[in-house]
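Here is a short report on selected parts of one protein structure. Have the sequence and the 3D view ready as you read.

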Amino acid sequence: MTKRCGGFLFFLATIFARPAWPASLSQFAVKETRKDVNGVTLRSASGTMRVELCGDRVVHVVVSPTSEIPSPKVPIVTQPCRANNLGIKADTKNLKLSSPEVAVSIDAATGALTFLSADGKLLLAEPKQGGKAFDVPSIFETKTWQVQQSFLSPPDEAQYGLGQHQEGIFNLRGVPLRLSQANTNISVPFLLSSKGYGVLWNNPSLTDFNSADQPITIEPRTGKGKFTTAAKGTYGFLLTSDNRDQMSLQVSGQHVINLQNMWTPTSASGVADLDANKEYEVIAKGGPGGVQLAIRPPQDTTTFRSEVGQAIDYYFLYGPELNGVISEYRQLTGAAPMFPRWAYGYWQCRERYHSQQEILDTAAEFRRRKIPVDALVQDWQYWGKYGWSAMKFDEEYYPQPKQMLDQLHADDLHMIISVWSRFGENTDVYRRMSAQSLLIPGTPWTDFFNPKAQTAFWLELNQGLFQDGIDAWWMDASEPEFDVLKGKQTFLGNGESVRNAYPLYVSKAIYEGQRSTTNRKRVAILTRSAFAGQQRNAAASWSGDITANWITLRRQISAGLSFSMSGLPYWTTDVGGFFRPEGQYNSETYHELLIRWFQYGTFCPIFRVHGYKSNAEIWNYGPKVEKILTEYDELRYRLLPYIYSAAWGVTNRGETLMRALPLEFSSDQGAREISDQFMFGKALLINPVTQEGGTQRNVYFPMGTNWLDFWTAKRENGGRNIVAEAPLERLPIYVRTGSILPLGPRTESASTRADPIELRIYPGANGDFNLYEDEGDNYDYEQGAYSLIPFHWEQATRMLTIGDRRGSFPGMLEHRTFHAVIVRDGQGIGVSAISRPDATIAYQGKATAVQMLPRQ
């Protein structure tokens, strides 16, 4: 069929036939084509496709089996698409939409989409047939899943993100992964590719990534089964069970999945390289509810399949640098606000503090020992006689909550408190919420999809806790736990349709509620689950109730990096593990694990210790442990000028604080599979030790870079591996040459103004750094109340230039002192403050330059 529209001529014969399997879209006879300033809408008797550009680097695609393009139930994206420079060309084979940076071509014969860079480089493409499908049969959950989208994936591609998962898998290409929310499992439908693009799958229902469709029968009593391969290659496995104890799969004796924890997700993934035409025996174990197992044969495709959806809906985002893709994602879904400055310090958490006096005694002991700390965290059951999550303190144990909080604030300390989204049926808050029909029917859980429920929940929280001075919120079990939305009705419709988005609405209720109450205290939320766009609600996540062992520590590193590569910048773990061994206080074996975990936690975006039935304060583990942990705590606080400035980059430029090597060094193929090293900001390469008894570890230095050892200043060249020394007290840290690293003086709280600041210059390349400062705990920075001081190091002339200060804020230090030192090869400094700077600069806010000549 030939169609003329808006001055361009093209032929389209594509898509849509509903119910053959897969119900791929074919025979799309175009009746109408409409061009507008942002893209095109193609309509036929069998459906509609909308392709539009959002700026220069983002393409939005929606395909519906009806005549309408539906609006999404969950608005992940915060603003409508607007193309800057839309170009449209058409011939008898293709319709092509383009911007100055990216193009999308629609094949006239098949309707398949191909995404290209401006210079014509292939980035992503659908298969010629079967890329789009509706009403797809499934062996899991419901018999048919409503929407599916497939893309081609070349063998040299690596893929990352999709939230935080516990299997330890970093490169997700070819891995079947169930995107669902559970304790220890966070699902965010954003995929990042080594090819320089990202895909945001705009669907909040249960979603299978790379669906596993070939079931393996498992004998219930023995857990055994068999299957026979076809082609040789990498096979993916998806194991499902209930939420208890273990998820384990062996394939011919090889462990492919091995999760051991009191709580597990309901699914787990694994891969194995298998021979062709060979029978393999499997042994699968799960919780008491039994197991279900399916495999995905080798194939060069990437697939998203969702249980519920009115349309295929996704965004394609182009970098080409992966940091650029993350920045585009933040522009699309919302910027991450600044946390209060104190939140970048140390959080002391445990299960649990039992009384007001215990909290005040703990605070006093931190200050007596001069151990830096900014937050104490009150876990559950403070509500006592008032019932589960009553949003008030039991006065028998907390007789004067406001006075307690006033005392903590006077000591430069803050309190974070655990809040649940469900209530005991004997609580007043339950009765009030239930009377207004603001709960998920048949459950004690808040229906946060209802705007009235969001408002009511915050009012309860404000009256019960916030008005007394609580500083931040620990939103526990925000998945919600145990999949309670399944089979229920919510304000937005059936629970299955919004199943993964609940944590987004939990954090929305708190963020918008507190912002509407005051702009003098920044929102800080710690939540056990997350969804796309949640960074805009000032929410950090942690990895749930995990077990204290070495394999779990190793897996947290890849889990956190995957989370950061999903576009959400703030994350942490229970340092030391939540489920800890008996005898933890006197066990040297556990002490080693705790030290290594604490060293790693020092460089997580949020730095927090926690433990079940534990007195987790660091002095309880003996003087040796206390000494080492205190040194790393002090290092965290000395780095606060660097960390807080990096946090401004997160807010202002869509940057990432904890950066996986493939994110930072996108073109280095040697970095693509490295999941146990990362950049903390732009300067520091962090290399956690995760082997019991380990005193060395392998370190890879990315291509095109050079480094200096933080401890010894030994120079290392990029593009190679070394074996780094790592005695128990030392975490291998390297600083990129050309870095300017600001360190503040030793302090016990983040509120102390950093002056003087030590400027460590790591020579070998030119470098820049912008020191960001503001008042620390209000939103005046949104109106420009902040300052930036630019630093530049010129390697050839050995000249340090400090530029004019830009901006100001109340309480700003007008006069600053900078102690500048060049870190010389082999002359390490470590944590200690320098005793002899190369230059001392009295800075008055005006540009100045100092030539850093070699010492005589």
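## Pairing strands

Two strands count as paired if DSSP finds at least two bridges between them. Keep in mind that this is a predicted model. Strand 54 covers residues 816-822 and pairs with strand 55 in the antiparallel sense. There are 5 bridges between them. Within this pair, H819 stands opposite T840 of strand 55.

## One disulfide

How many disulfides does the structure hold? It holds 1. A disulfide is a covalent bond between the sulfur atoms of two cysteines. Here the partners are C54 and C81, with an S to S distance of 1.6 Å. The link of C54 and C81 is right-handed, with 50 degrees about the S-S bond.

C54 has 10%, so C54 is buried. C81 has 9%, so C81 is buried as well.

C349 is in no disulfide. The nearest cysteine sulfur to C349 is that of C604, 15 Å away. C349 counts as buried, at 0% relative accessibility. C604 counts as buried too, at 1%.

## A covered strand

Look now at strand 18, residues 186-193. This strand is mostly covered, and 8 of its 8 residues are buried. In a regular strand the side chains alternate between the two faces of the sheet. In strand 18, I186, V188, F190 and L192 point one way. S187, P189, L191 and S193 point the other way. All of these residues are buried.

Strand 18 has antiparallel partners. Strand 16 (residues 159-164) is joined to strand 18 by 5 bridges. There, Q164 stands opposite I186. Strand 19 (residues 197-201) pairs with strand 18 over 3 bridges, also in the antiparallel sense. In this pairing, L192 stands opposite G198. Strands 18 and 19 form a hairpin with 3 residues between the strands. In that hairpin, G196 takes a positive phi near 95 degrees.

Strand 52 (residues 787-794) has 8 residues, and 6 of them are buried, so the strand is largely enclosed by the rest of the structure. Strand 51 (residues 767-773) pairs with strand 52 in the antiparallel sense over 7 bridges. What is the bridge partner of G767 in strand 52? The partner is W793.

Strand 53 (residues 799-802) also pairs with strand 52. This pairing is antiparallel and has 4 bridges. Here E794 stands opposite M799 of strand 53. Strands 52 and 53 form a hairpin, with 4 residues between them. R798 is in the turn and has a positive phi of about 55 degrees.

## A helix and its neighbours

Helix 2 runs over residues 356-369 and has 14 residues. From first C-alpha to last, helix 2 reaches 20 Å. That is close to the 20 Å expected at 1.5 Å a residue. After the helix comes K370, whose phi is positive, near 60 degrees.

Which residues of helix 2 are buried? They are Q356, I359, T362, A363, E365, F366 and R367. An α-helix has 3.6 residues a turn, so residues three or four places apart point the same way. What do the buried residues of helix 2 pack against? Their neighbours include strand 31 (346-349) and strand 32 (375-378). They also pack against helix 3 (401-410) and strand 33 (414-420).

Note on methods: Residues are numbered from 1 along each chain as its sequence is written. This is a predicted model: local features need pLDDT of at least 70, side-chain atom pairs count only at pLDDT 80 or more; totals for chains, interfaces and linings use all residues. Side-chain values use heavy atoms; hydrogens and water are left out. Helices (H or I, at least four residues) and strands (E, at least two) are DSSP runs, numbered from the N terminus. A disulfide is a pair of cysteine sulfur atoms within 2.5 Å. Buried means under 20% relative accessible area, exposed over 50%, partly exposed in between (1.4 Å probe, protein chains only). The expected span of a helix is 1.5 Å times one less than its number of residues. Contact means heavy atoms within 4.5 Å.
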